[in-house]
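Please follow the account below with the sequence and the coordinates at hand.

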Amino acid sequence: MKKQTIVALTAVMLFTACGEKDAEYYYNHPDELKPILAACEERTKGADDATLTALKADKECLTVGLAAAGIQLGDYKKAVMEEEKYGWAAYVQGILDAKQKLKNDYALLEQIEKMEPQEAKNTLLDNFLRCPDIGLRHREKETEKDLCEKAGSLYNKAKSDLKLNKSVN
């Protein structure tokens with residue numbers, strides 16, 4: 001009876017270990033990696049901060065993210081050595097950081113609304129040059145569209161107020 005139990009447990013452990021695919025497997029089989037990575041990325045879209053934080057530790061996403069980083073770098077071993085820089089957790093952290101920057105930028109716009117025109121204009125130039133109405137003439141990131149519209153509106157108002165102040169003086 002003991003032998004049968006040990007044999008059965010060993011077989012179950014071997015079967016389980018063989019069933020899991022590691023990052024190196026996906027690195028060598030990119031066609032299998034793509035749909036899993038796409039599903040992981042889809043889960044990040046519109047996710048709140050708590051969900052994103054949990055996704056940073058998702059085992060399957062970590063595995064395929066590491067494999068994808070290896071493919072992108074052309075060197076699986078380099079991706080493993082620098083996983084914190086190129087892996088799935090770094091990707092999700094980048095999303096979290098971008099969301100926090102957006103929150104901070106909106107808070108700054110609220111402060112700018114209360115500033116005098118010259119200070120508002122200078123602060124907008126210092127912090128929102130990436131927005132089309134203020135500086136760069138390219139399209140803003142989709143996630144920054146509303147932010148840039150608000151910043152552009154404040155910038156145009158500050159310029160207009162400055163012109164009015166000059167003409168009155």
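In this predicted model, D49 is partly exposed, with a relative accessible area of 29%. Its salt-bridge partner is K99, and the closest N and O atoms of the two are 3.1 Å apart. Because K99 belongs to helix α8 and D49 to helix α4, the pair ties together parts that are 50 residues apart in sequence. K99 is likewise classed as partly exposed, at a relative accessible area of 26%.

The whole structure contains 13 salt bridges. One of them joins K59 to E20, with a closest N to O distance of 3.1 Å. K59 is in helix α5, while E20 sits in the loop between α1 (2-19) and α2, so this pair ties together parts that are 39 residues apart in sequence. K59 counts as exposed, at 57% relative accessibility, whereas E20 is partly exposed, with a relative accessible area of 48%.

A further salt bridge is formed by the side chains of R43 and D58, at 3.1 Å from N to O. R43 is part of helix α3 and D58 of the loop between α4 and α5, so the link spans parts that are 15 residues apart in sequence. The relative accessible area of R43 is 41%, making this residue partly exposed; D58, with a value of 19%, is buried, since the limit for that class is under 20%. Salt bridges also link K101, D105, R130 and E144 in a network.

Helix α3 comprises residues 30-44, 15 residues in total, and reaches 21 Å from its first C-alpha to its last, close to the 21 Å expected at 1.5 Å a residue. Within α3, the residues L33, I36, L37, C40 and T44 are buried. They cover an arc of only 105° around the axis, which means that they are on the same side of α3. An α-helix has 3.6 residues a turn, so residues three or four places apart point the same way. On the other side of α3, D31, K34 and P35 are exposed.

Which elements cover the buried residues of α3? The cover includes α2 (23-28), α4 (49-55), α5 (59-73) and α8. T44 counts as buried, at 8% relative accessibility. Leaving aside residues up to four places away in sequence, T44 touches L52, L55, W88, Y91, V92 and I95. Helix α3 is followed by G46, whose phi is positive, near 70°.

The aromatic rings complete the picture. There are 3 aromatic pairs in the structure. In the pair of Y25 and Y26, the ring centres are 5.5 Å apart and the planes lie at 80°, so the arrangement is edge-to-face. Y25 is partly exposed, with a relative accessible area of 24%, while Y26 is buried, at 8%.

W88 and Y91, both among the contacts of T44, form a tilted aromatic pair, with 5.2 Å from centre to centre and 35° between the planes. Both residues lie in helix α8 (residues 88-112), 3 residues apart, about one turn of the helix. W88 is buried, with a relative accessible area of 2%, whereas Y91 is partly exposed, at 37% relative accessibility.

Key
Residues numbered from 1 in each chain as written. Heavy atoms only, no water. Phe/Tyr/Trp six-rings, centres within 6.5 Å; stacked < 30°, edge-to-face > 60°. Buried < 20%, exposed > 50% of the residue type's maximum accessible area, 1.4 Å probe, protein only. Helix = DSSP H or I, 4+ residues; strand = E, 2+ residues; numbered from the N terminus. Expected span 1.5 Å × (residues − 1). Arc of directions from axis to C-beta. Contact = heavy atoms within 4.5 Å. Salt bridge = Lys/Arg side-chain N within 4 Å of Asp/Glu carboxyl O.
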